[in-house]
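Biologist: Let us go through this model in questions and answers. Please end each answer on what was asked for.

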Amino acid sequence: MPKKRVLGCSFPVLIGFAAVFVGLLVVGVLTGPMGKNLLGLPAWLIPAKPHPELPAEVVFHLFSFPITNSIIATWVTIIFLVGVSFLVTRRLTLVPGRRQSLLEFILEALLNFCKSVAGEKNGRRFFPIVATIFLFVGFNAWLNLLPGYGSILLHTSEGEVHLLRGANTDINTPLAVALISFVFVEYFGLRALGFRYLKKFINVGGLVSSLRLIMHGKMKAGFSGLMTGLINVFIGVLETLSEFIRIVSFTFRLFGNMTAGEILLMVAVFLIPWAAAVVFYGLELLVGFVQSLIFAGLTLIFMTIAVAAHGEHSGESAHH
């Protein structure tokens, strides 16, 4: 008779996990603020009170340029991604091992995602940008959950500062990624359509034609097209504003979610150091994935829209 399974685990294993969780919960309550007041525990068992800071802290200066802890965290992410890529790809084989299979699975999933949205040709063209944004934003969030982030302190000339801070929680990093996304959207639009791409921002052709008709005495035809020309100019202004507002929305969406998650973890670790922290760490893993997918996915969609007219002109369907 087969054993009963709950959530993919045998019943004894599930009971074991529940017992461990309850044990961590009890220890967490006892070593938290309530345990400190009730039991008088030693100070080294009590986690420090959360002290969130929005501005990144300066760790040192490089040629008079301030290097903050978020910049160092960005370097850690870059080194990690480059290092993993080098270790996995230096000995590629036809029969991939576990590490190569995992990397190929991630990249193939991202490539298929790009092709499903932008079509075969544009999907391959957009893939490097989309994959880079996804991996960079995602691993910025996930590495921030490792020990050492927000816990290693240094004594500098400016006081006591943290060595590492999640790069996504410094508004400059989301802003930089948003600007890169903006630049590539405009680049692919100009590359696909040339100066015709700028017509959606500066659409004064109808207005000029109407004024020319009025100057030549064709008042009825001129005035009938004048209102349409003004509407087209106004739409162009709105299109221009929407392109720049997109930078702001990208920046604050990522910054707000990552900063809120960091503060939530700090409070959870302070109140119930063990069990609650495990739950919220799992939640932050999911949030990091979702935010990286949203950032990369919206970039892909906007690049696809930017070249959509070119795709129709050349006979290639962008929704292929």
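Biologist: How many nonpolar, polar and charged residues are in the lining of the second largest pocket?

Modeller: The model is predicted. The second largest pocket holds about 420 Å³ of space, and 17 residues line it. By class, that lining has 14 nonpolar, 2 polar and 1 charged residues.

Biologist: Which helix gives the most to the lining of the second largest pocket?

Modeller: Helices α3 (69-89), α4 (98-118) and α5 each supply at least two residues of the lining. The lining residues closest to the pocket centre are L81, V84, S85, L103 and L135. With 7 residues, the helix that gives the most is α3.

Biologist: Is α5 roughly parallel or antiparallel to α6?

Modeller: Helix α5 (residues 120-143) and helix α6 (residues 172-193) pack with their axes 12 Å apart, at an angle of about 175°. Angles over 145 degrees count as roughly antiparallel. Therefore α5 is, relative to α6, roughly antiparallel.

Biologist: How do the residues of the contact of α5 with α6 divide into nonpolar, polar and charged?

Modeller: From α5, the contact includes F126, I133 and F136. The contact residues divide into 8 nonpolar, 3 polar and 2 charged.

Biologist: Is Q291 buried or exposed?

Modeller: Q291 lies in helix α9 (residues 275-306). Leaving aside neighbours within four places in sequence, Q291 is in contact with V137, R253, L254, N257 and M258. Its relative accessible area is 8%, and under 20% counts as buried. Q291 is therefore buried.

Key:
Residues numbered from 1 in each chain as written. Predicted model: local features only at pLDDT ≥ 70, side-chain atom pairs only at ≥ 80, totals over all residues. Heavy atoms only, no water. Axes fitted to C-alpha atoms, helices over the stretch in contact; angles between N-to-C directions. Helix = DSSP H or I, 4+ residues; strand = E, 2+ residues; numbered from the N terminus. Parallel < 35°, antiparallel > 145°, perpendicular 65-115°, else oblique. Contact = heavy atoms within 4.5 Å. Nonpolar A, V, L, I, M, F, W, Y, C, P; charged D, E, K, R; others polar. Buried < 20%, exposed > 50% of the residue type's maximum accessible area, 1.4 Å probe, protein only. 1 Å grid on protein atoms, 1.4 Å probe; cavity = no way out; pocket = protein on both sides within 12 Å on 5 of 7 lines; lining within 4 Å. Points joined across faces, edges and corners; volume = space filled by probe spheres on them.
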